[in-house]
Amino acid sequence: MATQKQVKTKSEQSTDLEEKVQKLRELYADAPEIGKTALENVIRALKSGTPAKEPAAPVGTAGRIGRRQGKVSELTVIAPLAPGGAKRMRAFLEILHGSIGNEMVDMVGTVHDMRFVILDNDTKLLFCTAYDLDWDPYIEDFATKIPDILDLQFGDVEGWPGVRSPKVKDFIASHQITADFWYVANPNLTVVETRRLERIGKATEEFLDKIS
Amino acid sequence: MSSEDRVGEDSRNCIAVDLHDIQATILRHRPEPYFGTHVFLHINDAHGGREFLRRLAPHIGSAADWWKAGDAWIAVAISYPGLVALGVPGDSLRSFPEAFRAGMAARAEELHDYGANDPKNWERPFGSGQIHVQVSIVSPTEDKWHRTMETARQQYEGFSGVTVLLIQDFGAQPGSLNSLGYKDSIGQPAIEGSGVEPLPGQGRPIKAGEFILSYPGEAGVPLAMPQPDTLGRNGTYVGLRKYQSRVGAFNRFLRENGQNDEERELLAAKLVGRWRSGAPLTLAPAKDDAALGEDPHRNNDFTYANDPQGKQVPLGCHMRRMNPRDTKMPVLTDVNIHRLIRRSTTYGAPYDANTISELDDEGARGIYFLFISAKAMSTLEFLQQDWINDGTFMNLGSERDPLVGLQEERNTFTIPKEPVRRRIHDIETFNVLRGGEYLFMPSLSALKWLAGLNAEAAERPARHG
C-alpha cells in the first residue's frame, strides 16, 4: 500500500520535539549521573541551535522491512547457524575475502558494503549490508546468475531454502531486523552513480589539464 | 505475422506445454492487420458470474496450433475482486500474490505511478475495483471480428449475472502502426517448449515457467502458483495498462529538436531504437528501410556487440531499455528474467504528424497494453522502477524511458554520438497512464473449475484483501 507522507507545520514539529524531550527526561530520571548531565547539555544545545534542516533525501522503508534513505537501503539479518555451519562459513568467507570476493560483489553493482559476523559461540550469523533500492527484485537475478555463491554464503543458516526457492524472499524477511538508527552520507548516490561520477571527475581533470 | 514456416520437425517434437489448456492470447501473436474489442464486466452475484463463465468457456480460444494465423479468438481474464465475486474459497484467494490481491491502483508506489499517472487521475472504471472480468476479441479481419464479437456478446447481453462497464474497440490502424506512428510488437520473447523455432535475433528460448504457471522457470523451479493446482496450472497473469498518447507533445518535441523531416525522423528513431517501419537502427543506421522493417526474419536479427556506447541504438531508447540483450550493464542482471509477452492494442484516431496542439494531447487515442507473464506484477513493478523510470542500469543517471517513462521537469534524453553526445532537455511525458488492472488469465480447465464452484464453497466467507 502507498504510504501517506504527511507534511508537518513548524509548530507541530516543535511540539513533537517537546514531547520527545519530555519522554527522554522521564526515561533518564534513573540513569547514571553522567548520562543525565549529558542529556541536559544536549537538550540545551538542540534548543539554542539553528532549527534542523530537512533531510537531504526522503527517509522511508526499504521494501518490506529495513530502512531507506534516498536510494540507499539497509538490511540487517540475525539467523541461527546449523551445527558445524560456522566453521564451513568461515572457511568459505576466507576464500572470498580480498580480491575474489570484491570482484564478485563489484559485479552485482548495487552493494555499498556488507559484513558477516559470526556470533554467540558460532551459533548465529549477523549479516549487514547497505545496498541500492530494493533487494526483492534482484533476488531473482542472483538466483539465475550467481546461485551457488549465495547458497554457499547462506547455506549454513538454519532452514535456508536455497536462493532458487520461491520461499527465499519470505525466509530472508522473516530474519530481518530494522535498524533503530542508520546514517547515510550520500543518500542519493547509488553505487553505479558513484562510479560514473568518479569517471566523469577523472575525465574532467584530464580535459582541464589539456586545455590549461 | 505468420509463424507457420518456423515449425520444423524438431520443434513439433519438443512441445512441452499443454497448448490445448492454455489461452490463445498467451502464445498467439497479434495478427496484422488486426481488429478487436476489449469488454470490461462486473459480476453482479457469484451464481451469475459462474453462469457467465460457463457460457463463455467453450468460446475461449486455446493455444493449440497457435502459430496458424487466420482465426479470430476470445480471451478472458479475471481480477482479484472478480475472483472474490465468483465465490472462490478464502484459502484459494490467499494463495494469490500480494500485489495481485492489492490491485494495480493500490500498487501505485511500487509502479512509480505518480503525478499524471496517479490512479486518482485514471478514467473510470479503472482502479475502482469494479472491473471483475476482461473479455478480449482479437481478429485478423473485420468480418471475423464482427462475428466473434457477436458470439461474445451473446454470452453477456441480456444476462443479469454480469454488467458491462466499458467496451473499447481497437486496431484497424493504417499499416497497423501504433498511436505514435510506429510499427510495434516486434521482438517478443521465444518460449521454450511452445513448438516454434525462435526467430533470428529472438535469443535462446526462455523457460516456459516465466510465462505460464506450473512449468520450471529460469531458476529451474516453477513459481509459486495459486491453489488448488487446477486453478493455477497453465494460467498466467496480465498487467493491463491503458495509455493515452500525447501526440501533440510528441510532434512538438520532434519539431523543436529537428530542423527538417529527415532530422525529425532520425530523432523519432533514436527514441525507440527503430524507425517507423520497425527497421532497427543497428541494421539501418542512416535511414529507414521498409522492407527490413516488415521482415520478421531480419528486423530483430542483431546484437549490441558492435554498439557498446549506443551510437547506433541509444542506451536509453525504449527498445534497448526493455530488452538490453548483450549490453554490458553496471548492475548484475539476468536479461532473460525480466521479459514480458506484450500484446499491444492501439485505439482511437491514427497517428498524424501534423497534430501539434495541446488540445490534441487530450484526444482519445493511445494503447491498451497487455503484459503477460507468470510473474507479471513483480516484472512490471521492476521495469517501472528500474528500467523505465530510472537510468542507473544503463549508466544514464535518472534519465527515463522516452516513450513510456513519466518525465519530470528538466528531464533529458541522451543520444550518444561523435565527437560528443547530444543531450535533449525538457523531454515531456508522451504516454500518460489512464488506467490499469492486474488480472489472472486462467487455463481453459481452470475456467471450468471456476464456473463449477459449488454453492457451498461460495457461501463460505471470502475476505477481500
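User: How many nonpolar, polar and charged residues does the lining of the largest cavity have, by class?

Analyst: The lining of the largest cavity has 16 nonpolar, 12 polar and 7 charged residues, where Ala, Val, Leu, Ile, Met, Phe, Trp, Tyr, Cys and Pro count as nonpolar, Asp, Glu, Lys and Arg as charged, and the others, Gly among them, as polar. This is a predicted model, in which local features need pLDDT of at least 70 and side-chain atom pairs count only at pLDDT 80 or more, while totals for chains, interfaces and linings use all residues. Residues are numbered from 1 along each chain as its sequence is written, chains are lettered from A and ligands numbered from 1 in the order in which they are written, and side-chain values use heavy atoms, with hydrogens and water left out.

User: What makes a space a cavity, and what volume has the largest cavity?

Analyst: On a 1 Å grid over the protein atoms alone, a cavity is a set of points where a 1.4 Å probe fits but cannot get out, whereas a pocket is an open set with protein on both sides within 12 Å along at least five of seven lines; lining residues have an atom within 4 Å of a point. A search of the whole structure finds 5 cavities of 30 Å³ or more, and the largest cavity has a volume of about 630 Å³. Among the 35 residues that line this largest cavity, B:H318, B:M319, B:M322, B:R342 and B:F369 are the closest to its centre. Two or more lining residues each come from β5 (236-245), α13 (318-322), β6 (341-348), β7 (365-373) and α15 (376-388) of chain B, and the largest share, 4 residues, is given by α15(B).

User: Which residues lie nearest the centre of the second largest pocket?

Analyst: They are A:R199, B:Q309, B:L315, B:M394 and B:N395, out of 39 residues that line the second largest pocket. About 1300 Å³ of space lies in this pocket, and α8(A) gives the most to its lining, with 6 residues. The residues of this lining divide into 19 nonpolar, 5 polar and 15 charged.

User: Why are α3(B) and α8(B) called roughly antiparallel to each other?

Analyst: Helix α3 (residues 46-56) and helix α8 (residues 142-156) of chain B pack at an angle of about 150 degrees, with their axes 9 Å apart. Angles under 35 degrees count as roughly parallel, over 145 as roughly antiparallel, 65 to 115 as roughly perpendicular and the rest as oblique, and α3(B) and α8(B) are therefore roughly antiparallel. In their contact (heavy atoms within 4.5 Å), B:F52, B:R55 and B:L56 in α3(B) meet B:Q154, B:Q155 and B:Y156 in α8(B). By class, this contact has 3 nonpolar, 2 polar and 1 charged residues.

User: What makes α3(A) oblique to α6(A)?

Analyst: The axes of helix α3 (residues 85-96) and helix α6 (residues 147-154) of chain A come within 9 Å and cross at roughly 135 degrees, and that angle makes α3(A) oblique to α6(A). Here A:M89, A:F92 and A:L96 in α3(A) meet A:I149, A:L152 and A:Q153 in α6(A), in a contact of 5 nonpolar, 1 polar and no charged residues.

User: Which residues of α3(B) meet α16(B)?

Analyst: B:R50, B:L53 and B:R54 in α3(B) meet B:L447, B:L450 and B:A451 in α16(B), and the residues of this contact divide into 4 nonpolar, no polar and 2 charged. The helices α3(B) and α16(B) (residues 444-451) pack at an angle of about 145 degrees, with their axes 8 Å apart.

Definitions and conventions: Axes are lines fitted to C-alpha atoms, for helices over the stretch in contact, and angles run from 0 to 180 degrees between N-to-C directions. Grid points are joined across faces, edges and corners, and a volume is the space filled by probe spheres set on the points.
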